[in-house]
Each structure stands twice: as structure tokens, then as C-alpha cells.
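This briefing goes through the sheets, the ligand surroundings and the nonpolar core in turn. Please keep the structure in view while reading.

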Amino acid sequence: MRFVYIFKFTNLSKFFFVSNFYFHLSMVLIFQKFCRSMNKLAHDLLDLLEISLGVDGHNHNYYRKLYDDAVSIVRCNHYPQCNKPDLTFGVGPHCDPTTLTILYQDLVGGLEVFVDNKWKSVQPHRDALVINIGDTFTALSNGKYKSCLHRVSVNSLSPRLSLVFFLCPKGDRELKAPQELVEKDGKKEYPDFTWGEFLQFTQKNHRADENTLQLFTKWLLTSKNRNA
Ligand SMILES: O=C(O)CCC(=O)C(=O)O
């Protein structure tokens with residue numbers, strides 16, 4: 001009897017191992033496909049931003065080239081129901097330090113952006129992606145594009161899911177606004193930096209919020225004596 005039982009158990013664990021393996025493998029393949037599509041979309045958006053900034057002549061493909069070996073981040077957020085939603089946030093107010101954010105949210109709602117001195121909710125839509133400018137692109141556009149302050153509220157009725165792709169350059173890539181843009185503006189607003197330095201700053205020195213880029217710039221200029 002005992003042997004039969006063990007035999008059955010072994011078969012069952014094999015079944016779980018195999019089904020889990022295929023489940024995880026299919027998840028990996030889905031995520032891979034998702035990341036490739038988001039990476040392509042992010043690069044297309046960089047091209048559009050370049051055109052909008054008028055630097056697509058002499059500096060054609062400037063931004064795309066900075067991100068040709070991007071090491072981006074994907075985050076799946078799960079916000080459980082909360083009995084006291086007035087006392088907390090899913091995510092507190094912050095600007096993304098990254099370059100561009102492409103976000104898909106389910107239909108529950110909760111994402112809010114700070115516009116015209118008011119928090120406004122970003123209405124979920126089944127077929128829509130939310131695109132955010134991050135602090136790194138603020139610097140790369142010499143301050144022309146501002147990163148967007150946002151937060152996530154929670155509710156007592158339903159959990160919420162979001163899937164977020166953050167475009168990031170390789171850690172040691174030197175980041176600076178195109179020279180053409182700086183010359184047009186007559187002033188370079190931010191010192192050169194690498195994404196590795198900025199990431200480290202947000203993890204060790206200052207948690208991401210609306211002042212991160214400003215404080216990082218100050219920190220760079222004082223700690224490294226760089227010129228803006
Ligand atoms: O879940 C959301 O809608 C936003 C998430 C977010 O701001 C973040 O992950 O940094």
C-alpha cells in the first residue's frame with residue numbers, strides 16, 4: 001500500500017513539475033513578447049519626441065541610438081483592497097526617474113496625475129496605454145518635456161493590477177541633451193550623467209518624488225564638480 005501511495009505521489013509531483021514548468025515557460029515567452037513590443041514602441045516614441053523637439057536633422061536618431069542597448073525594467077503591480085483607503089496610497093506621489101513609462105492598467109482605476117494644481121484620475125480604458133515622461137527624458141530634452149507627478153490611490157472594493165514598462169538606458173551610457181537643442185536654448189539645463197548614477201541616487205540618497213531630478217542635479221554638481 002505504502003509503495004502504491006509513493007508511486008502515486010511521485011507521479012503527481014511529476015505532473016506538477018511538468019505543468020508548472022510549461023506554465024512558467026509560457027509566462028516567460030509571453031513576457032518576452034511583451035517586452036519586445038514595449039521596447040519597439042518606446043523607440044518609436046523616442047523618434048516622435050525627437051521630431052517634436054526639432055532635433056531630427058543634424059542629430060537624427062540621437063535618442064534611438066542612446067537606447068539601442070537599453071536595459072529596461074518591467075514591473076507588475078498588485079494593489080490589494082484596503083479597508084482604510086483614505087489613510088494610505090498604493091504608491092505615493094512621485095515622478096518616474098526613468099526615461100519613458102508605458103503603463104497598462106486594469107479597469108479598476110486609481111492612477112492620478114497632478115495637473116493644474118489638482119489631482120486628476122486617469123480613467124482606465126481597455127485598449128489604451130498610459131505614456132509618462134520620466135526625469136531622465138526631462139534632462140535629455142534640456143527641460144522641454146517635464147516629467148509627470150503621479151500617485152496611485154487604493155479602494156475598499158476591489159484589488160487592482162497594472163503592468164509597467166520603464167525605458168532605461170544601459171547603466172554606463174553618458175546622457176546629455178543634443179547639442180543642437182542646447183545651442184537653440186542658449187543654456188544647458190542639466191549636467192551630463194549616467195543612468196547608473198541616477199538609479200543609485202534614487203536608491204541610496206533620495207526616494208523618487210517630484211524633487212528628485214533637481215536634487216540629483218545639485219548632488220552631481222557638488223559631489224563631482226561638474227559643469228551644467
Ligand atoms: O500602478 C500604477 O498605475 C502606477 C505605478 C507606478 O507609478 C509605478 O510603478 O511607479
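Two strands are taken as paired here if DSSP finds at least two bridges between them. The model is predicted, and the pairings below should be read with that in mind. According to the unreviewed UniProt entry, the annotation "domain: Fe2OG dioxygenase" covers residues 69–169, a span whose end C-alpha atoms lie 7 Å apart and which is 6% helix and 41% strand.

**The four-stranded sheet**

- Four strands form an open sheet in the order β2-β7-β4-β5, and their pairing is antiparallel.
- At the edges stand β2 (91–94) and β5 (118–121), each of which has a single partner strand, so one side of each is left without a neighbour in the sheet.
- From one strand to the next, the twist of this sheet averages 25°.
- Strand β4 (residues 111–115) is joined to β5 by four bridges, the two running antiparallel, and Phe-114 has Trp-119 in β5 as its bridge partner.

**Pairings of β8**

- Seven bridges connect β1 and β8, which pair in the antiparallel sense, with Cys-76 standing opposite Leu-163 in β8.
- β8 is also joined to β3, through six bridges and again with the strands running antiparallel; here the bridge partner of Leu-103 is Val-164 in β8.

**Surroundings of the ligand**

- The residues around the ligand are Arg-75, Asn-77, Val-91, Asp-96, Leu-103, Gln-105, Leu-111, His-150, Val-152, Ser-162 and Val-164.
- Two or more residues of this shell are given by each of β1 (73–79), β3 (100–105), β7 (150–152) and β8 (160–167).
- Leu-103 and Val-164, which are bridge partners, are both among the residues around the ligand.
- Sorted by class, the shell consists of five nonpolar, four polar and two charged residues.

**The largest nonpolar core**

- In soluble globular proteins, nonpolar side chains tend to be buried together.
- The largest nonpolar core of this model has 29 residues, of which Ala-42, Tyr-63, Leu-100, Ile-102 and Leu-167 touch the most other members.
- The elements that give two or more residues to this core are the helices α1 (2–52), α2 (62–66), α3 (135–140), α5 (195–205) and α6 (212–224), together with the strands β3 and β8.
- Among the contributing elements, α1 provides the largest share of this core, namely four residues.

How values were computed:
Residues are numbered from 1 along each chain as its sequence is written. This is a predicted model: local features need pLDDT of at least 70, side-chain atom pairs count only at pLDDT 80 or more; totals for chains, interfaces and linings use all residues. UniProt positions are given in the numbering used here, feature names are shortened, and annotations may be inferred rather than shown by experiment. A residue is near a molecule or strand if its C-beta atom, placed from the backbone, lies within 6 Å of it. Ala, Val, Leu, Ile, Met, Phe, Trp, Tyr, Cys and Pro count as nonpolar, Asp, Glu, Lys and Arg as charged, and the others, Gly among them, as polar. Axes are lines fitted to C-alpha atoms, for helices over the stretch in contact, and angles run from 0 to 180 degrees between N-to-C directions. A nonpolar core is a set of buried Ala, Val, Leu, Ile, Met, Phe, Trp, Tyr and Cys residues joined through C-beta atoms within 7 Å. A residue is buried if 20 or more other C-beta atoms lie within 10 Å of its own, exposed if 12 or fewer, and partly exposed in between; C-beta atoms are placed from the backbone.
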